[in-house]
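This report describes how parts of one protein chain pack together. Have the sequence and the 3D view open while reading.

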Amino acid sequence: MRCKMISYMILFLKKAVRKFSYAFAGLLDGIRNDASIRLQFVLGVCTLLAGLLLHLSLIEWSIVLILVALVIAMEYINSAIETLTDVLFPNYDRRAKKIKDYSAAAVLVVSIVALLFGIIIFGGRLWIILM
């Protein structure tokens, strides 16, 4: 019984490692091949560096990390939807345009919220430093 349990655990771990390898492959592919994803990563890194320089509080870090991750994740979802749409609609189709527009709008909404929080958090910190 114990030997069977160990073999199930090993099988589970192998599957988990394989799933993570697919996720990391997608992560790297997006950074290498998608300009929008790459831009969001660069902006995210700049935001995190600014947070280090401005000594954010724990709650500020929490908000910044959640929003940076959310914007990047939305960009990946948007790119996946755009890619799938291109496969399903190889020629121009108004339905494909609507799908892509809605997907891009989702990224825009999250990005605007992240920007507003950035203005509140970083702007407040910079205001204190400059005054």
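In this predicted model, the largest nonpolar core is made of nine residues: I37, L54, L56, V64, V68, I72, Y76, I121 and F122. At least two residues of this core come from each of helix 3 (58-88) and helix 4 (94-130). The most is given by helix 3, which supplies four residues. Another core, of six residues, lies apart from this one and includes L67, V71, V107 and V110.

Leaving aside residues up to four places away in sequence, Y76 touches G26, L27, G30, I31, I37 and F41. Of these, L27, G30 and I31 belong to helix 1, and I37 and F41 to helix 2.

**Helix 1 and helix 2**

Two packed helices are described by the angle between their axes and the distance between the axes. Helix 1 covers residues 2-33 and helix 2 covers residues 35-53; their axes come within 6 Å and cross at roughly 100°. Angles of 65 to 115 degrees count as roughly perpendicular, and helix 1 and helix 2 are therefore roughly perpendicular to each other.

On the helix 1 side, the contact involves L27, G30, I31, R32 and N33, which meet A35, I37, R38 and F41 of helix 2. By type, the residues of this contact are five nonpolar, two polar and two charged.

V42 is also placed in helix 2. The C-alpha atoms of V42 and M5 are 44 Å apart in space, and the two residues are 37 apart in sequence.

**Two loop residues**

Where is D93 found? D93 sits in the loop between helix 3 and helix 4. A polar atom of the D93 side chain lies 2.7 Å from the backbone nitrogen of R95.

H55 belongs to the loop between helix 2 and helix 3. Most residues other than glycine have a negative phi. H55 is not a glycine, yet its phi is positive, at about 50°.

Key. Residues numbered from 1 in each chain as written. Predicted model: local features only at pLDDT ≥ 70, side-chain atom pairs only at ≥ 80, totals over all residues. Heavy atoms only, no water. Core = buried A, V, L, I, M, F, W, Y, C linked by side-chain atoms within 4.5 Å. Buried < 20%, exposed > 50% of the residue type's maximum accessible area, 1.4 Å probe, protein only. Contact = heavy atoms within 4.5 Å. Polar contact = N/O pair within 3.5 Å; in protein donor to acceptor, adjacent residues only side chain to side chain. Axes fitted to C-alpha atoms, helices over the stretch in contact; angles between N-to-C directions. Parallel < 35°, antiparallel > 145°, perpendicular 65-115°, else oblique. Nonpolar A, V, L, I, M, F, W, Y, C, P; charged D, E, K, R; others polar.
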